Structure formats: C-alpha cells, structure tokens
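Please look over the model below.

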Amino acid sequence: MKKIFIAFVRFYQRFISPLTPPSCRYYPTCSNYMIQAIQKHGAGKGILMGTARILRCHPFCKPGYDLVPEHFSLRRNWERPKKED
C-alpha cells in the first residue's frame, strides 16, 4: 500500500508540479514530506500527516524547517536538524 501512495506522489512531482510555480514555504517540500511520512509511519498516518502539512502551507504561515517527527503528530515539528561535526 505504501508503494502505491508513494507512486502517486512521485507522479505528481514529475508531471503536475513542474506546471505550477514553486510555492512550498517549508523544507522539505510538501510532497517530499508526504513521502517521508508514509515511509516512516505507514500509509494511513503518513497520508494524514502529509495532508495536514499541505493545509498548513499557506501565505500567512511562518516558513522554515518542518521535518517528519519520530512520533505521529499532525502539528508542525519546530525542531531544527542537528548539525553533525
């Protein structure tokens, strides 16, 4: 099931996304976030997390890092990635 949903997102990234201007305010992009969430939390929770992320991505939000959390959550992950020395 994971592979099917990831294939849909990859299709979007390859054929639909290039037709629109870049507008994602977070890093990683919303489509990459969805793929990572599906891989980490499974198809059901990953789709929910990705959908919540897309709904958070609007012109009035504060941009920045929003990485997929280790535990399931529909809220923004405010932690920044740790730099490795």
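The side chains of Lys 40 and Glu 70 form a salt bridge, with N and O 3.1 Å apart; a salt bridge here is a side-chain nitrogen of Lys or Arg within 4 Å of a carboxyl oxygen of Asp or Glu. Lys 40 belongs to helix H2 and Glu 70 to the segment after S2, so the bridge ties together parts 30 residues apart in sequence. Helices (H or I, at least four residues) and strands (E, at least two) are DSSP runs, numbered from the N terminus. Lys 40 is partly exposed at 41% relative accessibility, while Glu 70 is exposed at 61%. Buried means under 20% relative accessible area, exposed over 50%, and partly exposed in between (1.4 Å probe, protein chains only).

This is a predicted model, in which local features need pLDDT of at least 70 and side-chain atom pairs count only at pLDDT 80 or more, while totals for chains, interfaces and linings use all residues. Residues are numbered from 1 along each chain as its sequence is written, and side-chain values use heavy atoms, leaving out hydrogens and water.

The structure holds three salt bridges. Arg 53 pairs with Asp 66, the closest N and O atoms being 3.6 Å apart. This pair joins helix H3 (residues 43-56) to the segment after S2, across 13 residues. Asp 66 also forms a salt bridge with Arg 56, at 2.6 Å between the closest N and O atoms.

Which aromatic rings pair up? There are two aromatic pairs, counted where ring centres of Phe, Tyr or Trp (its six-membered ring) lie within 6.5 Å; planes under 30 degrees apart are stacked, over 60 edge-to-face, and the rest tilted. Phe 11 and Phe 15 make a tilted pair, 5.0 Å centre to centre with 45° between the planes. They are four residues apart in helix H1, which means a separation of about one helical turn. Tyr 27 and Tyr 65 form an edge-to-face pair, at 5.7 Å and 90°. Tyr 27 lies in strand S1 (residues 26-27) and Tyr 65 in strand S2 (residues 64-65), 38 residues apart.

The largest nonpolar core consists of Ile 6, Val 9, Met 34, Ile 35 and Ile 38. Such a core is a set of buried Ala, Val, Leu, Ile, Met, Phe, Trp, Tyr and Cys residues joined through side-chain atoms within 4.5 Å. H1 (2-16) and H2 (30-41) each supply at least two of its residues.
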